[in-house]
Amino acid sequence: MTGVQVGRSQVTVSRVGLGCGQLGNLYTPIGAADATATVRAAWDCGIRYFDTAPHYGLGLSERRLGDALRALPRQAYTVSTKVGRLLVPDRSGAGRQDPEGFHVPADQRRVWDFTPDGVCRSLEASLTRLGLDRIDVVLIHDPEGHQEPALEQAYPALHELRAQGVIGALGVGSKQSQVLHRFVTETDVDAVMVAGRYTVLEQPALDALLPECRRRGVSVLNSGIFNSGLLAVADPQPGLPYEYATAPAAVLARARAIAAVCARHGTTLPAAALAFAAAHPAVATVVVGAHDPAQVRRNATLAAAQPPPGEFWAELVAEGLLRPDAALPTAPVVAA
């Protein structure tokens, strides 16, 4: 896949990235061999951007990603990880499961820390878990409840590390478009990771965030494009996740209505979701999770396919299921 520059940095990302939450046993536990096979399948499909975080499986995702990448040429791939949550040992939790949705022992706890010291300690720990000598993209993770310390402490610390060449690119990731918009307008970030806020299901990032990113040259790393899994199947059923919990009835009904339009036009909900998520000109990459090699290959095949036809998108708009000002795909996400 052709690399796309991240902001004004020298870092590039492939047009499709692998989100590595599932490597941390998100929703369902997977074995170490399956985790490695998933990363290698992404590599074989041309994916060269991998996103992880300490939060994902209490460090398990970072360890597994590092193990899988170790034999691959370092200059050929891009890794992003995140700061904001420090992992602190918690012996009392060894017999419990992590309460954040990851099937791992709760033998560590997450501590919010956006101080310069916390940022540096987080990066050092991530480098150790990944087994890397550098992080290409560092994202301030979920700062919505800690905006002032994230802006006044974490961001300046990372800005200095970027100026020193310690990290390649700097950004912020959140599920809240307004928070990301604040960072875009008040700081000099290279990228924002938009989590679930610009999908075929909902487009609040289109109000102000994406136009401002486009104007300022800030790259959008569009993640959560299947809205936590709700859009990852052709026929959404009750019990599927949305925002990492069970999808509410109204949200499920909207997803099913979009899926019905897909069926009428000979496409599927995952195909439409992936094509749509990449179409806005501010989007540099779509970050898609997978818990096995088959899911990786399916998503790569969808990315290389022709997007649904114009009549499909027109019907979504006419039915009130898609904003009329959304950018529509006219070509595959990546060349076949």
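**Exercise 1. Describe the largest pocket of this structure by its volume, its lining and the classes of its lining residues.**

Solution. The largest pocket has a volume of about 1,100 Å³. This is a predicted model in which local features need pLDDT of at least 70 and side-chain atom pairs count only at pLDDT 80 or more, while totals for chains, interfaces and linings use all residues. Residues are numbered from 1 along each chain as its sequence is written, and side-chain values use heavy atoms, with hydrogens and water left out.

To begin, the term itself: on a 1 Å grid over the protein atoms alone, a pocket is an open set of points with protein on both sides within 12 Å along at least five of seven lines, a cavity is a set of points where a 1.4 Å probe fits but cannot get out, and lining residues have an atom within 4 Å of a point. Grid points are joined across faces, edges and corners, and a volume is the space filled by probe spheres set on the points.

Next comes the lining, which for the largest pocket consists of 45 residues, with Gln22, Leu26, Tyr27, Ser228 and Tyr244 lying nearest the centre. At least two lining residues each come from strand S9 (167-174), strand S10 (191-195), strand S14 (283-289) and helix H9 (293-304), where helices (H or I, at least four residues) and strands (E, at least two) are DSSP runs numbered from the N terminus.

Last, the classes: the lining of the largest pocket has 18 nonpolar, 19 polar and eight charged residues, when Ala, Val, Leu, Ile, Met, Phe, Trp, Tyr, Cys and Pro count as nonpolar, Asp, Glu, Lys and Arg as charged, and the others, Gly among them, as polar.

**Exercise 2. Find the largest cavity and state which elements supply its lining.**

Solution. A search of the whole structure finds one cavity of 30 Å³ or more, and the largest cavity has a volume of about 50 Å³. Its lining is made by Val16, Gly17, Leu18, Ile47, Val288, Gly289, Ala290, Val296 and Asn299.

Sorted by class, the lining of the largest cavity has six nonpolar, three polar and no charged residues.

**Exercise 3. Work out how the rings of Tyr27 and Tyr244 are arranged, and which parts of the chain the pair ties together.**

Solution. Rings of Phe, Tyr and Trp (its six-membered ring) pair if their centres lie within 6.5 Å, and planes under 30 degrees apart count as stacked, over 60 as edge-to-face and the rest as tilted. By this rule the count comes to eight aromatic pairs. The ring centres of Tyr27 and Tyr244 are 6.3 Å apart and their planes stand at 35°, so this pair is tilted.

Tyr27 lies in the loop between strand S3 (16-19) and helix H1 (32-44), and Tyr244 in the loop between S12 and strand S13 (245-246), so the pair ties together parts that are 217 residues apart in sequence. Tyr27 is partly exposed, with a relative accessible area of 33%, on a scale where buried means under 20%, exposed over 50% and partly exposed in between (1.4 Å probe, protein chains only). Tyr244 has a phi near 65°, a positive value in a residue other than glycine.

**Exercise 4. Decide whether helix H8 is largely enclosed or open, and follow the chain on to His280.**

Solution. Of the 11 residues of H8, 10 are buried, so this helix is largely enclosed by the rest of the structure. Among the buried residues of H8 are Leu269, Pro270, Leu274 and Phe276, and what covers the buried residues includes S11, helix H7 (249-264), S14, H9 and helix H10 (310-318). Phe276 also belongs to one aromatic cluster together with Tyr198, Phe312 and Trp313.

His280 lies in the loop between helix H8 (269-279) and S14, and His280 is buried, with a relative accessible area of 9%. Not counting residues up to four places away in sequence, His280 touches Tyr198, Leu206, Leu210 and Ala327, contact meaning heavy atoms within 4.5 Å. The side chain of His280 also reaches the backbone nitrogen of Ala282 at 3.0 Å.

**Exercise 5. Locate Gln237 and name its contacts beyond its neighbours within four places in sequence.**

Solution. Gln237 lies in the loop between strand S11 (219-223) and strand S12 (241-242), and Gln237 is partly exposed, with a relative accessible area of 37%. Leaving aside neighbours within four places in sequence, Gln237 is in contact with Leu252 and Arg256. Gln237 and Arg256 are 19 residues apart in sequence and 8.1 Å apart in space, C-alpha to C-alpha.

Terms used. A polar contact is a pair of N or O atoms within 3.5 Å; within protein, one must be able to donate a hydrogen and the other to accept it, and residues adjacent in sequence count only if both atoms are side-chain atoms.
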